[in-house]
Amino acid sequence: MKRFTCGLLTAALTAGLLAMPAAAKDFSDIQGHWGQSAIQQVTDWGLFSGTGEDTFSPDLTMTRGMFVTVMAQTARMLQVYQEPAQEAGFEDVSDADYYADAAAWAKENGLVAGVDATHFGPNSPISREQMCVIMGQFLKKFTEYDLTAYQQRENAFLDKAEIADYARESVNLCVSLGLVSGVPADGGVDFQPRMPATRAAVAVVLGNLVAVTEKLPELPPEPEQPEQPGGGPGGGTGEVPGGEPTEEEKAEEAKVAEYLQVIVESYSNSQDVAYAEPVVKDALKILMGCIEDALARRDKGQFLDRAFVQQQYAGEISRLKSVYDSMTDEQFTSANSIVLGLASSEQLYFVLEYFGVDYFA
């Protein structure tokens, strides 16, 4: 099986983007959605299509059949897809099903084994841990990376005991690579391994996966193990670990939230993004993914103190640095030019410093 390289990936992305319209498709139901930029990116790449003429249905649950289909599309874009030699062989997958070839391809390449010996479960929701297993197998099959250290890096999720044994290393891998993150919970962060993934969530995850295939991010530091619920102060969602935030911390948190919203709105209206090179788009997508996710968490009650933000997005920021380090001087200048146009200097540097980013210079 052909393995991709940085050069091959860049060629594939460039070819794909040249075939697409200059601007991402305008879906009526993603404007202002936390996953908007990721949705626009994956639809530009052709990994997703809409559910209607002008709708994407970002909050619709992804099924297993849908997920292997977009994974097969990802493999095609990266030029590592080969037609399966035989049918999937599952009793619940017929030749007429839209996901039939993708299911056969996924099984043939070891990405899936089925929910049992004879069934694939194509119409069942794809859970977060199942998604990690499939992505982990994808990276093992189609890259030459040594992923051992990433698989062995323990996570700090409060509910990690609920992660199935077969999925444990895959979850560790995907978290360490910054492909997925946790969900705020009392006393820390949960992974919620059996929670179904939405179309918007998968759009974000696939964007992250494509970036990782180009360059392996640095291994993030060992996560601090949180206290279990009831084990100490600061247990409620939205609280600073040390207790109730001070007035200064509240003002700072309100300021960063305001600036994040400014950046999101400017990014959605930017005309320069559509014409940027793929590696520049990848860097911007990682940055905007962190920002949009942070705003979504705040809407759900999470207090965005510096400690939470920098710990939560350490993997993504490390991956962002890796993408920036791979750029040519011209690409570096292009990326910075776009970023600097998203907000005032004061707003931008406050946000970047808040997130622990120190290499946009």
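Arg298 and Glu253 pair up in a salt bridge, with their closest N and O atoms 2.8 Å apart. Because Arg298 sits in helix α10 (residues 278–299) and Glu253 in helix α9, this pair ties together parts that are 45 residues apart in sequence. Please keep in mind that the model is predicted.

The two partners sit in contrasting surroundings. Arg298 is partly exposed, at a relative accessible area of 33%, whereas Glu253 is buried, because its relative accessible area of 4% falls under 20%. Leaving aside neighbours within four places in sequence, Glu253 is in contact with Arg298, Gln302, Phe303, Leu304, Asp305 and Tyr354.

A search of the whole structure finds six salt bridges. Here are some of them, side by side:

| Pair | N to O distance |
|---|---|
| Arg298 and Glu253 | 2.8 Å |
| Lys250 and Glu247 | 3.7 Å |
| Arg297 and Asp293 | 2.6 Å |

Let us look at Lys250 and Glu247. These residues are three apart in helix α9, so about one helical turn separates them. Lys250 counts as partly exposed, at 32% relative accessibility, and Glu247 is exposed, with a relative accessible area of 62%.

Now for helix α10. Arg297 and Asp293 are four residues apart there, so they too are separated by about one helical turn. Both Arg297 and Asp293 are buried. Elsewhere in the list, salt bridges that share partners join Glu252, Arg306 and Glu353 into one network.

Key: Residues are numbered from 1 along each chain as its sequence is written. This is a predicted model: local features need pLDDT of at least 70, side-chain atom pairs count only at pLDDT 80 or more; totals for chains, interfaces and linings use all residues. Side-chain values use heavy atoms; hydrogens and water are left out. Buried means under 20% relative accessible area, exposed over 50%, partly exposed in between (1.4 Å probe, protein chains only). Contact means heavy atoms within 4.5 Å. A salt bridge is a side-chain nitrogen of Lys or Arg within 4 Å of a carboxyl oxygen of Asp or Glu. Helices (H or I, at least four residues) and strands (E, at least two) are DSSP runs, numbered from the N terminus.
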